[in-house]
Amino acid sequence: METAIKANKLGEDAAQINAIDLAKFILAFFVIAIHISPFGSTEGSTFIGWVDFFLRDCIARVAVPFFFIASGYFLFRKTQINNLGTGICKSYILKIFKLYCVWSLIYFPLRLGGFFFEEKGFLYGVFDYIKDFIFSTSFSHLWYLNALIFSVLIISFLLYNKVSPKNIICASAIFYIIGLFGQSWYGVIKPLENVPAVWQTLKFAMGIIETTRDGLFDGFLFVGIGMLFAYQKIKLTRKQSGIGFALSAVILCCEAFILQYYGFSRSHDTYIFLVPTALFLFAFVKSSNVKKDRDYKKLRVMSSLIYLIHPWILRLAAVIVYLIFKKTEIFLINYIFTSAVTVLLASLCIKLSEKKKSRWLKHLYS
C-alpha cells in the first residue's frame, strides 16, 4: 500500500515538473520579445506602441521571475529545511558560476569594443567591466545568472543559520520594495534630487550596482518564493491559482500603464503586482499535470539555452534583415528569425552534446 502511494506521488511530482519545464520553454520566447520589439518601438502613444508595451513591459516581465521561482523550487526541494547542510547549495552555486563565466567569455567580444571607445580610457573600461562582472552583469541578459548566484547564496546562508522561510520572505520583500524605487517606481524618489546629500549617496550606490535588477533587490524574493513552495505546502487549488493569476495580471498591466503614462518608470523590470502574478502563475502551473510519456527535462535545458543564446542571434538577425530588405526596423521578422535560429542552435547543441566527441558542449548548459 505504501509503495503504491509513493509511486503515485512520484508520478504526480513528475507530471508537475513536466508542466513547469513546459512553461519555462514557452516563457523563454517572451524573454526574446523583451529584447526584440515584435510590433515596433514602445515609444510614443500609437496603438501599436501601446500593444508592444503591453507585451514587452507587462506580460513578458513575468518570465524571469518565474525562472527564479522555478530555480528556487527545483534546488530547495532537494534539501531538508531542518538539516540543510551546504553540499547541494554549494554545488549549485558553483554550477551557475561556471555557466556565468562560460557565457561571459562567449559574449566578451561584444563588450571588447567598449574598452577602446571608453571616454575615460582603456584601463577605466577594463575596471568598469570587472565591476559589472561582480556587482551587475558581464553582459545584459547574464544578470540573471549573477543574481541567481547571490540569491541562492544569501537564502542558503539564512536557512543554514535557522532563519525561518517566512522571515526570509519578509526580508526579501523589504529589499524588493526598496528596489522598486530604482526601477518602475523611480518617480517616487526623483524629488530627492533637490536634497543633494541624499541624492549623491543614491547616485554613488547606483554607480556601483548599476541597477536594482539584481540578486538582492529582485532575485532574492522570487528565489525565496520558490524555496517556500519547496518547503511549505501552499494550499492553492488550480482554480484559485488561475483566478489569482488573471486578477494579478490585470492589475499588473494597470500598474505598468499608469506608471508609464505619468513618466514614473526608469525601467520596467520590476513592479509591485509582478510578485503575485508570478506566484499565482507558478502555483497554477505546478498544480497542472502534464501526463505524457515523454520526458520534458530537455525543455528545461532548451529554455536555458534559448535564454543564453538569443542575444547573439538577434544581432545576426538585424544584419541579415538589413541585407535582404535594406531596413533594420522589420521587428516581427527579426523576432521570428531570432526565435527560429535560436531554437535550432539550442536543439543542435543538446543533440551534439550527447555524442562522445562533443560532450564538452554540456558546459554550455550544465
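Guide: Of the 366 residues in the chain, 47% count as buried. This is a predicted model, where local features need pLDDT of at least 70 and side-chain atom pairs count only at pLDDT 80 or more, while totals for chains, interfaces and linings use all residues. Residues are numbered from 1 along each chain as its sequence is written, and side-chain values use heavy atoms, with hydrogens and water left out.

Visitor: Why is lysine 98 called partly exposed?
Guide: Buried means under 20% relative accessible area, exposed over 50%, and partly exposed in between (1.4 Å probe, protein chains only). Lysine 98 has 31% relative accessibility, so it counts as partly exposed. You'll find lysine 98 in helix H4, residues 87–117.

Visitor: And what makes lysine 162 exposed?
Guide: Its relative accessible area is 61%, and the cut-off for exposed is over 50%. Lysine 162 sits in the loop between helix H6 (143–160) and helix H7 (165–180). Lysine 162 also has a positive phi of about 65 degrees, although it is not a glycine.

Visitor: How many helices and strands are there in the chain?
Guide: 14 helices and zero strands. Both are DSSP runs numbered from the N terminus: helices are H or I with at least four residues, strands E with at least two.

Visitor: How do you know that the radius of gyration agrees with a compact globule?
Guide: The radius is taken over C-alpha atoms, and the globule rule is 2.2 Å times the number of residues to the power 0.38. For 366 residues that puts a compact globule near 21 Å, and the chain has 21 Å, so the two agree.
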